[in-house]
Each structure stands twice: as structure tokens, then as C-alpha cells.
Amino acid sequence: MRYAACLVALCFALTASAASTPTAAAIHAEKAPCRDATQTTPPICLPRTEDEIWCVSTRGLGCPDCEPTPQFGVWQHDCKAGHWNSSSLKSFLAADVPTKRTVFWIHGNRLDACYVRSQGLSIYHQLTNGVSGELPVRFVIFSWPADPTKGLVEDARRKAARTNADGYYLAWLVNQIDGNVPVSFVGHSFGARIATGALQLLAGGPLMGRVLPEPIAKRAPMEAVLLAAAVDNTWLAIGWPHGEALAAVDAMLAMNNHCDMALKRYPKINCTQALGYTGAYGPLGDNGAKLRQIDVCCNIGKSHDWESYFYTPNLVWQMRPYLGLSR
């Protein structure tokens, strides 16, 4: 019985109704800064002094149908002082610079807001450490309501429904950014599902019954990195829920792991396997040439943790070209 419950939980309720509205328990409003938001940390942006680090949060938002103009929580990290400052969407968009790539980090499930900010700073450091600042980036932590909630099955269902909303919010946000700004996405586990959902919308397609309001900006090249993607392995295929995501990018890297113990338990009853476990299945058409897939079992073994990816130098080295950090 426990095994069956685990299988159901790890299904992530991919068959949940597209119109599902997250329950109140799944939405954690970020009414005040994290308790550690003003604590100072080392100036991790040095020597890359032109980089920016932001956090954009959807933790206080409900469903997109009720929020035509999302009121994101926005903070900017002061790299010199080492703490977070409250900001606004207007300021975030005003910082658009066509020569500065925007890189979105989208985390996985069961993480609270404070941890996500700390995690994001660590990932920024791993991605940029030793990389010339000749091409600066704006690194954005996309914080969605992934806090643990009661019950594995219930938590999975809430979060599965919520990733559809956050895919919309991420796409809406990117659509506000100057179209000349290059954009990249890095998504881990459920975060990869949010990323491909956003790309589906930015390509002009529907995401579980929702579409972006017109017009959809013509964008500079976009690229994406999917890590241990908790996405149905057929969803990038033509005609499937994220079947237009590849059309929105110039290139996509999927780091899959057939040894991943969490993804191994992705249910085989009423659900297919995860993309991050088996790789992408189904017809991808001409856009299939944009997708590069590698199996990282030999690098990280059975782990599903984000640290395994970002603290393995060879894997970080392979991510960097997709993030404007190859020099």
C-alpha cells in the first residue's frame, strides 16, 4: 500500500484538470521578506561587477484567470552589500539591456522561499565562477509556491496544477521583457515543467487551455536547460501539451538520468515515464534537431538533488553555452 501511494504521488497528477485551481494551502503569500533577507553575504558578483541578481516570486498569486496583471514579488540582490532589497516589476523591466542575457532559474518542489533565494545565489556562483565578465548576465530566481504541504499525494496534485499557472506567469513575465534581450531558462525537476510550459506559450501555443494575451513579442534567441525534468516524456512531441516548446528556442539541453531514484518511481500505471528518466519520446518534427539529450548517470548516480548537477564541474561546463556563459 505504501509503495502504491508513493507511485501515485510521484505521478505528479499529470492528468489533473487543466482548470484546477490551487487550494489555499498550496499558495503561500510572501507578505514579508525572508527572515534572512537583510543578512549580509560575501559579494558573490565579484569580479563580474556588471551582473545582476533578482528574485521574482509568484508565491502570493492565485490562478492566472483571476490575475490578468500579476503582482509579482520582486527583489534585487545588492552584490556589494550582500543582501536583498525590495523592488518592483517596473524596476526589473527598466533594467532590460539588450547586451545582457536574462537567465531564469526555476527550482523544484518542496522548497520554501528563503531556501530558494539561498539556493539561487549558490547556483549563480557555480555557473559564473571562473567565467569572464565580458558578457554580463541578469540572473533571475523564479520563486514559485513549492513549500511542502500535507500528504504526498495531495502535495503532488496541488503542485502539478500549480506548475501550469506558473508556466503562464513565467511566459507572461518574459513577454514583458524587451524583445532584443536574449533569454535562457534552467529548470530542475518540476521547474523544468514550468520552463517548457512557458516556452509552449511563448511559441503561441495553448497551455492547458490558457494562451498569452496578444501580442506575443518577437524575441531574441531563447535557450533552455532541463535538469532531471519531471515532465511527461511525450510532452515535447507534436500535438502534446508542450509540443510547441521547441519551436520557441534555438537550442535546448536535457540532462536526463536513468539512475535517478526519484524519477525511477515516476508511475508506470496510468502515467508514462518522466522525460528526465527516459528522454523525450514521440515525433518532434524539424524542431527535434534543437534538442540535445545526455544521460548523466555516470556523473551523479542515483541522485535527484540540484546540488549534484551544479557541483559537478563537467555538467556546469556543458550548461554554460546555453546561458551566455561560455566565455
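Modeller: Start with a charge over a ring: Arg-117 lies over the face of Trp-75, at 4.1 Å from the ring centre. The criterion is NZ of Lys or CZ of Arg within 6 Å of the ring centre and within 35 degrees of the ring normal.
Colleague: Which ring does Arg-138 lie over?
Modeller: The face of Phe-92, with 4.1 Å to the ring centre.
Colleague: What am I working with here?
Modeller: A predicted model: local features need pLDDT of at least 70, side-chain atom pairs count only at pLDDT 80 or more, and totals for chains, interfaces and linings use all residues. Residues are numbered from 1 along each chain as its sequence is written, and side-chain values use heavy atoms, with hydrogens and water left out.
Colleague: OK, ring on ring. How many aromatic pairs in the whole structure?
Modeller: The search gives 10. Rings of Phe, Tyr and Trp (its six-membered ring) pair if their centres lie within 6.5 Å; planes under 30 degrees apart are stacked, over 60 edge-to-face, the rest tilted.
Colleague: Why is the pair Tyr-168 and Tyr-169 edge-to-face?
Modeller: Because their planes sit at 75°, with the centres 6.3 Å apart.
Colleague: Is Tyr-169 buried or exposed?
Modeller: Buried, at 0% relative accessibility. Buried means under 20% relative accessible area, exposed over 50%, partly exposed in between (1.4 Å probe, protein chains only). Tyr-168 is buried too, at 9%.
Colleague: Which residues form the aromatic cluster?
Modeller: Phe-72, Tyr-168, Tyr-169 and Trp-172.
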